[in-house]
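This report is meant for a reader who is meeting the structure for the first time.

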There are 2 protein chains.
Amino acid sequence: MIKIMALDVDGTITDQNRIICPEAITSIKKGIESGLQISLISGNVIPVMYGLKTFLGINAPVFGENGGIMYYNGSIEKFFDKTKPLEFLEYISSRSLATPYFTNQWRETSAAFSMDPGNEAIVSKEAEKWNLEIVNSKFTWHIMNPGQNKGYAVEILKKMFNANWDEILVVGDSDNDNAMFTLPVKKACPDNATDSLKSISDYVSPESYGYEIGDVMAKFNII
Amino acid sequence: MIKIMALDVDGTITDQNRIICPEAITSIKKGIESGLQISLISGNVIPVMYGLKTFLGINAPVFGENGGIMYYNGSIEKFFDKTKPLEFLEYISSRSLATPYFTNQWRETSAAFSMDPGNEAIVSKEAEKWNLEIVNSKFTWHIMNPGQNKGYAVEILKKMFNANWDEILVVGDSDNDNAMFTLPVKKACPDNATDSLKSISDYVSPESYGYEIGDVMAKFNII
């Protein structure tokens, strides 16, 4: 039986333009009413995740910066540091390889940027030299500390709610969801997910962009 | 003809528990598709308003801190300063009259707090001595600079979009919406609004907590 459902945000409960799917809100509400713990794990900043928790009525912790920071019960917990990601961002920006992203003012454990697709290989190689990771959430690029990923956040949820692996269901659509899809949890994705995620999912919904949430919950006997 | 619609958030597009009304999202989308500029004006902090703008697909500027700060086109503009509100908050907290609110870490032009209802009269009197205003958004109390209110934000929208007063429609439900309801604009409110707002509204919807948005738009021939 599923106890915890961890959802990505962009492209998973929103459309391509990041607008939230009204049906996903209704499905989330039903899931919580049926006793499920629902968490959001996103690359976005923690005040935005705090807002989403408030306005969607999310009951479990929410994670920002791909798992680097958590908001729950009125307090924030940081698991990583932003010093090195910011130094790296300064370095690649000074070489005109990247443009810092607007929301960095609210980031506390990582840094975000945009870049020309042609620079991806060189920036990736430089990040490796610095012992950092870069990951794409479709909307922006993120510079992460080693081990800072959505899988880290799912492990925190597992401990916090004393759950078995197979009592956890993750739903995501993009490369920055890969880390939580490699855990021995249950996995589902919308039809708009990457082929890589589809190939390792227990269930690929025929629905997309938030409309899959209710379908996935039905498939796993949650609602 | 209405060109600009300025919406309060809590209690106006959300329910009593602050959960966003799925039907309000659909109505907002229809309004924007029909050519309307839709703005949100809330007591909440600017990163949360940035999140709401993103996830609801809002097209006009969004305002936080009851009009003290604006996000639009990738940049933030501050119209007031938080120094004096924070000094006042420290003063009333030191006298055990108030408890600072969690989101103050993201506030840039005001301060928020909670208090025992019995302290309202004394805190209000102290604020007057300091030449500050306190206002209740139902969810928390806000310490504002003189002239910092939602009416100020509506005047900015008016200039920005070169609109006449009667081309602007405001919708709100609480005391911190009063300032925008005293302008010569069109006014509507949900059934859950205060009696004071209802008494000066051009239209009081029979619907509440976000379900009124579509009804109000129909009443003013927007959709």
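## Two domains in chain A

Between domain 1 of chain A and domain 2 of chain A, five residue pairs are in polar contact, both residues of each pair being at pLDDT 80 or more, a value that applies here since the model is a predicted one. Across this interface the rule finds zero salt bridges. On the side of domain 1 of chain A that touches domain 2 of chain A, the residues divide into nine polar, six charged and three nonpolar.

The division of chain A places residues 4-79 together with 148-219 in domain 1, and residues 83-144 in domain 2. The centres of these two domains of chain A, taken over C-alpha atoms, are separated by 24 Å, and the contact involves 18 residues of domain 1 and 14 residues of domain 2. The size of an interface is often given as the accessible area lost when the parts come together. For domain 1 and domain 2 of chain A the area buried between them is about 1,500 Å², with 54% of it on carbon and sulfur atoms. Of the area that domain 1 of chain A buries against domain 2 of chain A, 32% is supplied by A:V45, A:E65 and A:Q148, which is more than any other three residues supply.

## The interface of chain B and chain A

Where the two chains meet, 30 residues from chain B and 30 residues from chain A take part in the contact. Together chain B and chain A bury about 2,300 Å², and 75% of this area lies on carbon and sulfur atoms. Within chain B, the residues that lose the most area to chain A are B:Y50, B:F55 and B:F102, which together account for 30% of what that side buries.

## Hairpins in chain B

Strand β3 (residues 62-64) of chain B runs antiparallel to strand β4 (residues 69-72) of chain B, and three bridges join them, with B:F63 standing opposite B:M70 in β4(B). Four residues lie between the strands in the hairpin of β3(B) and β4(B), where B:E65 takes a positive phi near 50 degrees.

The strand β4(B) also pairs with β5(B) in the antiparallel sense, over four bridges, and B:Y71 has B:I76 in β5(B) as its bridge partner. In the hairpin of β4(B) and β5(B) there are two residues between the strands, and B:N73 takes a positive phi near 50 degrees.

## An open sheet in chain B

Four strands of chain B form an open sheet in the order β6-β7-β9-β8, with antiparallel pairing. Its edge strands are β6 (99-100) and β8 (133-136) of chain B, each of which pairs on one side only. Two bridges hold the antiparallel pairing of β6(B) with strand β7 (residues 111-114) of chain B, and B:T99 has B:S114 in β7(B) as its bridge partner.

Technical notes. Residues numbered from 1 in each chain as written. Chains lettered and ligands numbered in written order. Predicted model: local features only at pLDDT ≥ 70, side-chain atom pairs only at ≥ 80, totals over all residues. Heavy atoms only, no water. Contact = heavy atoms within 4.5 Å. Buried area = accessible area lost by both parts, 1.4 Å probe. Domains from an automatic or database assignment. Salt bridge = Lys/Arg side-chain N within 4 Å of Asp/Glu carboxyl O. Polar contact = N/O pair within 3.5 Å; in protein donor to acceptor, adjacent residues only side chain to side chain. Nonpolar A, V, L, I, M, F, W, Y, C, P; charged D, E, K, R; others polar. Pairing = 2+ DSSP bridges.
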